[in-house]
Amino acid sequence: MAKEEYYPEETLVEKVQSGEYGWADYVRHHSKDWRAEFEKYCRLRDLPMNDETALRFLDLKQEEMEEAMADGDA
C-alpha cells in the first residue's frame, strides 16, 4: 500500500483553486482521521466518495467546529 500524503490546509486550498485537486482529494489529503471519517460517512449513508459528498462532509466538519467553539472546546 502506498504511503498517503497529507498537506497543510493552505496547500490543499491552493491545489483545489488550481484545479489539481477536487474536494474529495482535499478531504482525503487533509489528515488520516478525516480520510477515515469521510470513508465511514460515505459508507454509512451509501454515498459515493466524490466532490459533492466531500462538500457535504466539509459542511458537517464546519458545524462540528462551530459547536465546539460555542461550547468552549476549540
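Glutamate 4 is partly exposed, at 26% relative accessibility (buried means under 20% relative accessible area, exposed over 50%, partly exposed in between, with a 1.4 Å probe and protein chains only). Its partner is arginine 35, and their side chains meet in a salt bridge of 2.9 Å, N to O. This pair links distant parts of the chain: glutamate 4 sits in the segment before H1, arginine 35 in helix H3 (residues 32-45), 31 residues apart. Arginine 35 is buried, at 15%.

This is a predicted model, where local features need pLDDT of at least 70, side-chain atom pairs count only at pLDDT 80 or more, and totals for chains, interfaces and linings use all residues. Residues are numbered from 1 along each chain as its sequence is written, and side-chain values use heavy atoms, with hydrogens and water left out.

How many salt bridges does a search of the whole structure find? There are six (each is a side-chain nitrogen of Lys or Arg within 4 Å of a carboxyl oxygen of Asp or Glu). One of them joins lysine 61 to glutamate 64, with the closest N and O atoms 3.0 Å apart. Both lie in helix H4, three residues apart, so about one helical turn separates them (helices are DSSP runs of H or I, at least four residues, numbered from the N terminus). Lysine 61 is buried at 13%, while glutamate 64 is partly exposed at 36%. Salt bridges that share partners join Glu37, Lys61 and Glu64 into one network.

Within helix H2, arginine 28 and aspartate 25 lie three residues apart, about one turn of the helix. Their side chains also meet in a salt bridge, at 3.1 Å, N to O.

Key: Helices (H or I, at least four residues) and strands (E, at least two) are DSSP runs, numbered from the N terminus.
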